[in-house]
Structure formats: C-alpha cells, structure tokens
Amino acid sequence: PTMLPTSVPTFLPTPACGKGQGLSYTWVSGTRTAPVCDDCQAGKYSNETGDCQYCDSGSYVAETGAYECLACEEGEMSSADRTSCGSCPAGTFVFNETSCEFCSQGKYAPSAQTDDCLVCDEGYFTGTQYGSTVCNGCEEGKFSAGLAVNCTDCLAGTYSASRASTCTNCSEGSYSATDAAFACLSCDAGTYAGN
C-alpha cells in the first residue's frame, strides 16, 4: 500500500487501498490501531477511493473484493444488502429499480413488470382494486370502458356480447326487459318497441 496524508493528524500513515478494498481499523485496549486494507464485503465495492460503498439500487455483487457491481436483470431489484437480485411477485412492478409496487386499479401483472403494470383494456376487468395478476373478459350482458375493477351491467333496453366496451341499444321491434341482457327479444305480435 502507498501511504497518503490524512486530513486528521495521526502518528500513523494512512495506506491507499487498491480496487475492491477499503480501510478498516481495529481497537486494542481502547486505542485504534493502524488502518489496514481489507477486501470490501459482498454487496459493496471500491473503485480506488479507499472506501467500500454499497452498490447502487438495481445492482449487486455477491463476492468480496469487488471493484464494480453488476446490474440486476430487467424486472428484478437488488436486495437491501445488495448481495443479490430478486423478482418482484406477480401483481407488482419494479419502481425506480428500488421497490416492488402493487399494480393500480385497472392494471395487472401476471409476472413483475418494469416501470408500470399492463393496462386492462376495454371489455376486460381485473377483479381486484390493486395488485391484480389477471385481466379477464367481461361476460355477456356486461361491459367495461377499460381500467376497470369490475364490469358494469347493461341496462334494460340494451345488450352486449362478451368482452364488450359498450352496450348496444335493442333495435326497433325488439327489447330487453332486464339488466345484463346478452340479447334482445322480438316483440310479441301486435306489440312494438322503438328506440
């Protein structure tokens, strides 16, 4: 090690540590011993500063004595101690490479996503307020305009097929007397229904 001056007066020179190393001190009978260069612990690195520091969010290092960190795979985040990366669970997305966040209303993630969850489009619904892992199609007689937790029943006088984004009015001469109709019925002989 090369000896460098320190900002605090000391009787002992401070060594300059190499890549992957940092200064460490021990105490003997209440007195600090001379600094020595030790390998950085797993999860930390040193590129020539003499200080071991944690890897940045979204990166890790599993070995000791590292001088650089490795990037986590897409959709994964680094552990708190930066020694590994792991997947966020289904129903979440990785936010700023630092945390797993639940999908918001009308969005879903069958596996963890990056930056945001998938949009549950028109005619589909998630079934849960947040953290959904699925996006299902609306049943006949129901619709959704997208980003929906649940589908809405079509009103009497309208109908829909499955996975509908809107309800359709019954045509002249036909009707639906109840909500959530999947088809309109023809009027009986001698009766009439207009829109």
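The model is a predicted one, and a reader new to it may begin with the chain taken as a whole. The protein chain has 25 strands and zero helices, and along its principal axes the C-alpha trace spans about 110 × 30 × 25 Å. A compact globule of 195 residues would have a radius of gyration near 16 Å, whereas the value for this protein chain is 32 Å. Of the 195 residues, 29% are buried.

From the whole we can turn to one sheet. Strands of a sheet pair through backbone hydrogen bonds, in either a parallel or an antiparallel sense. The sheet considered here is an open one of three strands, in the order 14-13-16, and its pairing is mixed. Its edge strands are strand 14 and strand 16, the latter covering residues 113-114, and each of these two pairs on one side only. Strand 13, residues 92-95, runs antiparallel to strand 14, residues 99-102, and four bridges join the two; within this pairing, V94 stands opposite C100 of strand 14. With strand 16, by contrast, strand 13 pairs in the parallel sense, over two bridges, and here F93 is the residue that stands opposite Q113 of strand 16. Strands 13 and 14 also form a hairpin, with three residues between them, and N96, which lies in the turn, has a positive phi of about 50°.

Strand 14 leads on to the aromatic rings. The structure holds one aromatic pair, formed by F102 and Y130, whose rings are arranged edge-to-face, at 5.4 Å from centre to centre and with 65° between the planes. This pair links distant parts of the chain, for F102 belongs to strand 14 while Y130 lies in the loop between strand 18 (124-125) and strand 19 (136-137), 28 residues apart. Both F102 and Y130 are exposed.

Rings also take part in arrangements with charged side chains. The charged end of R32 sits over the ring of Y25, at 4.1 Å from the ring centre, and the charged end of K19 sits over the ring of Y67, at 5.3 Å from the centre of that ring.

The last stop is S176, a residue of the loop between strand 24 (174-175) and strand 25 (185-186). Is S176 buried or exposed? S176 has a relative accessible area of 9%, and therefore counts as buried, since that term applies to values under 20%. Leaving aside residues up to four places away in sequence, S176 touches L155, A156, G157, T158, C170, A181 and A183. Two of these neighbours also come close through polar atoms: a polar atom of the S176 side chain lies 2.7 Å from the backbone nitrogen of G157, and a polar atom of that side chain lies 3.0 Å from the backbone oxygen of T158. C154, finally, is 22 residues away from S176 in sequence, and the C-alpha atoms of the two are 9.9 Å apart in space.

Key
Residues numbered from 1 in each chain as written. Predicted model: local features only at pLDDT ≥ 70, side-chain atom pairs only at ≥ 80, totals over all residues. Heavy atoms only, no water. Pairing = 2+ DSSP bridges. Buried < 20%, exposed > 50% of the residue type's maximum accessible area, 1.4 Å probe, protein only. Polar contact = N/O pair within 3.5 Å; in protein donor to acceptor, adjacent residues only side chain to side chain. Contact = heavy atoms within 4.5 Å. Phe/Tyr/Trp six-rings, centres within 6.5 Å; stacked < 30°, edge-to-face > 60°. Lys NZ or Arg CZ within 6 Å of the ring centre and 35° of its normal. Rg over C-alpha atoms; globule rule 2.2 N^0.38 Å.
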